[in-house]
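Visitor: I have a model open here and would like to talk it through before I set anything up. Can we go over it piece by piece?

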Amino acid sequence: MSGTLQTFESFGSKGRGVGESDQEMGDNGSDSDDVGEFSFQSEAMLEYDEQNGLRAFAKFVCSTQVPPKMVEDNEFREMARRFNPTINITVKMVESECLIFYEESKLKVKEFLSVFEGQIGLTLEIMKYYNYRDYLCLSAHFIQGNWKMKKLVLLFRSVSDPEYKSSDNLHSRDWGILKLLEHWGIKEKISTFVMTSGYDSVTDYLEGQIQGNKDLALNSCLFRRFHVRCCGEMVSLMVQEAFDKIKDIIEKIRALSSSGKSLPLWNHTIFDLQQSLKLWSMGEYPTKEVTNSNDKPCPSPDEWKKVEGVCKIVGSIYEVSAALFETKHLSANIYLYHLHEFREILTKMTMQSDSFIGKIAEAMLRRLDKYWDEMFLLLAIAAALDPRFKMKYVEFVCSKVKGDANAQVLAVWGAIQKQFDAYVNHFPEKDHFPSDSSSSDSDSEGESPIPWQVNHIFSVLQDYHQCIQSSNQPSKKSELDYYLDEPVLPWSQKFSSLTWWKTAGARYPTLSRMARDFLSIPISLATSYDAFYTEPRPVDEHMVRLKPDLANALMCTRSWYRSLKDY
């Protein structure tokens, strides 16, 4: 923005300069040749300034939510002309400059990603424009060297574009994603992939192509790490199942309140139901189901009781969901204890005396348990890399959840150790432990070597020496051992694992690499307000109206500017 203001100021200063120079020439009585030469120079300067202004506004559009057509807004044009009366920037000029800015920025992002040493998690979200066009948004997630979480949009495109319907480059199988990753030079750095459910064939194909050509020691473990199930989607489906049990009652309540169908956000639905319950308890709604043919149907007392039960369950789920998805830094380590809280809530609800509510809670718990079984190992490793939890919380949660607790703890420990060993081999660090001094040099006291014995190697003495070394020297502790042996930190809601690891990286250089890659794994496609959608998120209508290349350029550059503006 500051660059834009400086450019606007230059518009004004150049305009004043022209007026002042004209006044000077009039006073000095300059001839026509001089005037003509000055006019030529002024036009060149003005053209240069207008190009700078165009560039500044294009950059402004590429870094904010301002659409290119803003230049046609009367108030904007009036403001711009106050700085430079001759300014003449059109929408077409801005769009062309935005595409140029995108290509230039893309080179910088590619350069950054080429030297980035960590792992990258991918998300592929399918978004909708009403019911007749799907869009894909492919994003890269990672933690930068300064321990800041980053999200870069790499592609935004309509799935129905002819490019993705062709058979070239296997577009029909992966929508051209593999080719795109190769173009960006990050195919070998992809660790995980999260995608909207219902496209398992795309996920399976990408997993085979990406994981099949990687260093398996670094990227495979005792679990299927590549395909991560979206947590936000799981919670939305779980809640939607509860609402489906009372959908007829919900329609009656909406008819009473004349609110109509709300947005497909389950937090809106629970707020509306809670408000209706409050009004009903205050006597604002009739108690009879139907009074005559002209009246709107009203829920019966038993139906209101069902609504109250569902609100109790979903309301509790919402409180935990809000705490999870509205977290500022949504790193992978915080998911396990939120899912654990979900499970405790639903387990208690299954014990309710009301069989209707108990059955709903059981159905929700089954969906949660399925997700838990698929994702537990990954989330447990991430939790162990939180210094407030480490293996202590993993042991605790395993003791509370069904199954063999000891076997689950051993599985997590084995997975962590295997991953850490892979990082040690892949990123060898200098050994900071003191080496054992040896007293075998020729100047040491003892028997003088006999000449005929010099060239003979006594294998039995070598074996003996190795045996003594292994028995006398204490086993060397690794970074992982030291980290886990230290006491866990006291619980704090404001604690940031990323800040802690940024400081602790000097003590745990290899383990911090592992923590950076695991904590950056995206577990949910959407966060904050968007995590509550029960349907695919809608595409911004302003983006739909743009040409495909421009829409892609703006989606990308806006995310790049937010994430890499200091790069």
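Visitor: Where does Ala526 sit in the secondary structure?

Guide: Ala526 belongs to the loop between helix 21 and helix 22.

Visitor: And what is Ala526 in contact with, leaving aside its neighbours within four places in sequence?

Guide: With those neighbours set aside, Ala526 is in contact with Phe325, Ala531 and Arg537.

Visitor: OK, what about Ser528, what is its phi?

Guide: The phi of Ser528 is near 55°, a positive value in a residue other than glycine. Ser528 is found in the loop between helix 21 (509-519) and helix 22 (541-544), and with 36% relative accessibility it counts as partly exposed.

Visitor: What does Lys390 look like, then, buried or exposed?

Guide: Lys390 counts as buried, at 2% relative accessibility. Its place is in helix 16, which covers residues 390-400, and Lys390 has a positive phi of about 50° although it is not a glycine.

Visitor: Switching to pockets: how much space lies in the largest pocket?

Guide: The largest pocket holds about 1200 Å³ of space. Its lining is made up of 41 residues, and those that lie nearest the centre are His141, Lys151, Leu525, Thr527 and Arg562.

Visitor: Which elements supply the lining?

Guide: Strand 1 (120-129), strand 2 (133-143), strand 3 (149-158) and helix 23 (548-564) each supply at least two residues of the lining of the largest pocket, and helix 23 gives the most, with six residues.

Visitor: How does that lining split by class?

Guide: The lining of the largest pocket has 18 nonpolar, 12 polar and 11 charged residues.

Visitor: What does Trp501 contact, beyond four places in sequence?

Guide: The contacts of Trp501, leaving aside neighbours within four places, include Trp147, Leu385, Pro387, Tyr483 and Tyr508, and also Leu511, Ser512, Ala515 and Leu519.

Visitor: Can you take me through a helix too? Which residues of helix 11 are buried?

Guide: In helix 11, which runs over residues 247-257, the buried residues are Ile249, Ile250, Lys252, Ile253, Arg254 and Leu256. What covers them includes helix 10 (231-244), helix 12 (266-281) and helix 13 (301-325). Helix 11 is followed by Ser258, whose phi is positive, near 55°.

Visitor: And the chain overall, how many helices and strands?

Guide: The secondary structure of the chain comes to 23 helices and five strands, and 45% of its 567 residues count as buried. Among the contacts in the chain with a separation of 6 or more, 73% are between residues 24 or more positions apart.

Visitor: Last one: where does pLDDT stay under 50?

Guide: The chain averages a pLDDT of 81, and 76% of the residues score at least 70. However, pLDDT stays under 50 over residues 1-48, for which the model has 29 contacts beyond four places in sequence. Over residues 215-223 the pLDDT is also below 50, and this stretch has 29 contacts in the model beyond near neighbours in sequence. Where pLDDT is low, the predicted coordinates should not be read in detail.

Methods. Residues are numbered from 1 along each chain as its sequence is written. This is a predicted model: local features need pLDDT of at least 70, side-chain atom pairs count only at pLDDT 80 or more; totals for chains, interfaces and linings use all residues. Side-chain values use heavy atoms; hydrogens and water are left out. Buried means under 20% relative accessible area, exposed over 50%, partly exposed in between (1.4 Å probe, protein chains only). Helices (H or I, at least four residues) and strands (E, at least two) are DSSP runs, numbered from the N terminus. Contact means heavy atoms within 4.5 Å. On a 1 Å grid over the protein atoms alone, a cavity is a set of points where a 1.4 Å probe fits but cannot get out, and a pocket is an open set with protein on both sides within 12 Å along at least five of seven lines; lining residues have an atom within 4 Å of a point. Grid points are joined across faces, edges and corners, and a volume is the space filled by probe spheres set on the points. Ala, Val, Leu, Ile, Met, Phe, Trp, Tyr, Cys and Pro count as nonpolar, Asp, Glu, Lys and Arg as charged, and the others, Gly among them, as polar. pLDDT is the predictor's confidence in each residue, from 0 to 100.
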